[in-house]
Amino acid sequence: MPPEGLDLELVARANRGDTTALADLFECYHGWALHHATRMLGDADEACDVAQELFMNLYGRFPGFVLTSTMKTFLYGVMENLCRNRRARGRQVVEFDEEIVTGDAAEPSSDAYDAANMLAQLPPDQQSLLRLRFTDDLSTAQLSELLGVPKGTVSSRLTRAVQALRDIVEAPLRRRSGAVR
C-alpha cells in the first residue's frame, strides 16, 4: 500500500515544522485509533491512554519522519505494540467487539457472548490477526505489509489461528459426544 496523497502532504508539512499539520493528522486518525484501541483492549479509558501515547509517539518522530506505507498501517503497528505493552504490565484486559450482557455465569446469555469468549481464549496475536482479517477485512497482502512478514507467513498464521479457534469451538461438542481428539 503506497502512502496516500493527504498523508504524504501532512507528513511533509509536519517535517517543515507546521504544527497545524500535526493537528490535522490527529483530526484525521484519532477516531480511528480510539476505535481500534478500544477493540484491542476492551476498555475505553485504557484506549484513550493508548491513543494519546500513539500520537505522542508520532509527534516525537518529527522532523525527519519518513512515511513508507499508509498512515493507518504505520499507526496500527505502533498501537499494537502499545496495547501489547499494556497487557504485559499486568493490566486485566479482554478483547471484545460487542458489549455483552450476561445473566447466570454458568449459562451465557447470547451467541455473541459465546463467540467473544471463545475468541478470547486464543493468544492475543491470533485474536488480533483474526480480527484484522475477518472484521477489518484486510487482505493477505495488507496484513503482510502491516505485520512486516511475507504473505506466506500471514497465510500460515491465519491457518493456525483458524484451526485453534475451530478446536475451541468443537471442544464442547467432543466432550458431549465423548469423542477424544
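1. Start with glutamate 53 and arginine 86: they form a salt bridge, and their closest N and O atoms sit 2.4 Å apart. (A salt bridge here is a side-chain nitrogen of Lys or Arg within 4 Å of a carboxyl oxygen of Asp or Glu.) This pair links distant parts of the chain, with glutamate 53 in helix 3 and arginine 86 in helix 4, 33 residues apart. Helices here are DSSP runs of H or I with at least four residues, numbered from the N terminus.

2. A quick word on what you're looking at. This is a predicted model, where local features need pLDDT of at least 70 and side-chain atom pairs count only at pLDDT 80 or more, while totals for chains, interfaces and linings use all residues. Residues are numbered from 1 along each chain as its sequence is written, and side-chain values use heavy atoms, with hydrogens and water left out.

3. (Buried means under 20% relative accessible area, exposed means over 50%, and partly exposed is in between, using a 1.4 Å probe and protein chains only.)

4. Now hop over to helix 1, residues 5-15, which holds both glutamate 9 and arginine 13. They are 4 residues apart, about one turn of the helix, and they form a salt bridge with the closest N and O atoms 3.8 Å apart. Glutamate 9 comes out as partly exposed, at 43% relative accessibility, but arginine 13 counts as buried, at 16%.

5. Arginine 13 has another partner to check out: which residue is it? It's aspartate 24, and the closest N and O atoms of this salt bridge are 3.3 Å apart. Arginine 13 lies in helix 1 and aspartate 24 in helix 2 (residues 19-41), so the pair ties together parts that are 11 residues apart in sequence. Aspartate 24 is partly exposed, at 31% relative accessibility.

6. Last stop, threonine 70, in the loop between helix 3 (44-59) and helix 4 (71-88). Why does threonine 70 count as buried? Because its relative accessibility is 7%. Its side chain makes a polar contact of 2.8 Å with the side chain of threonine 73. (A polar contact is a pair of N or O atoms within 3.5 Å; within protein, one must be able to donate a hydrogen and the other to accept it, and residues adjacent in sequence count only if both atoms are side-chain atoms.)

Terms used
Helices (H or I, at least four residues) and strands (E, at least two) are DSSP runs, numbered from the N terminus.
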